[in-house]
Amino acid sequence: MIRAALKVAYLGEHFSGSQRQPSLRTVEGDILSDVKAITKMSDTDIDLRLASRTDKGVNSLGNVAVFNSSIDDPDILLKALNAVSEDIFYRGAALVGGDFNPRFADVRRYRYVLRSDGMDISAMKKCAELFVGEHDFTRFCRPEQRSAILTLNSIEVNEKNGMMMLDFTARYFLWNMVRRISAAVMSVGAGDSSLSDVKDALDGKDITFGLARADALTLMDVCYKDLEFTPPTMEMFKKRTEEEMFRDMLRNTFLTSL
């Protein structure tokens, strides 16, 4: 028996969020089903935990799932899981101790993507800078039973191929925090809000900028010091990715023909 940490990727459109919910398809539910299929272990023995919660529609390229496994070879574990999985890609594996808690990551990285048409990029960058450092993010999150004061390490704003990419880095994020900050940055970029409005909200004034759409958000990575993940060979999910890209090509061909 080993305790394994696996990098997991998924498109949020397939799931009703990451956390298990009765009668709904979730990321945890699918991972648990995949692990049970290859190990024949019970839910209790598997003891599955995720590093980060993602809402319905939010994507991931680097969330981390930790669980017990009767398969003690990381390569075989990755191959077996990718063989049985439908919509989750297992992108790397590492062995961890029994006391390893995936919630205690050193760095989390998120990316929010939006169209750059009509956006004032300079204003967006100035707006993003306002959030960097330690702040009370009460107006930029969904209320939880925890302090809203935290440190946001960085937000980088870049344009590429007609798209704006907002890259966030922090040790942890509050519920809906990235989507609410992204909504504020977009509002300033579109000229609907001012930098002063954002400053006032950070200072506690009752101002909200809405909640940006979920499917444009991706959890890029969850990082831990001194923990390296062994990647799988691309052959493990080459057929699946090729099929998905072919479906996208068919959809794009249809839409551009309208």
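Let us start with two strands: β1 (residues 2-10) and β4 run antiparallel to each other and are joined over seven bridges; strands here are DSSP runs of E with at least two residues, helices are runs of H or I with at least four, both numbered from the N terminus, and two strands pair if DSSP finds at least two bridges between them. Across this pairing, A4 stands opposite L95 in β4. Strand β4 (residues 88-95) is mostly covered, with six of its eight residues buried (under 20% relative accessible area; exposed is over 50%, partly exposed in between, with a 1.4 Å probe and protein chains only).

A word on the model: it is predicted, with local features needing pLDDT of at least 70 and side-chain atom pairs pLDDT 80 or more, while totals for chains, interfaces and linings use all residues. Residues are numbered from 1 along each chain, and side-chain values use heavy atoms, without hydrogens or water.

Return to F168: leaving aside neighbours within four places in sequence, its contacts (heavy atoms within 4.5 Å) include Y110, L152 and I181.

Finally, M249 sits in helix α7 (residues 238-256). M249 counts as partly exposed because its relative accessibility is 46%.
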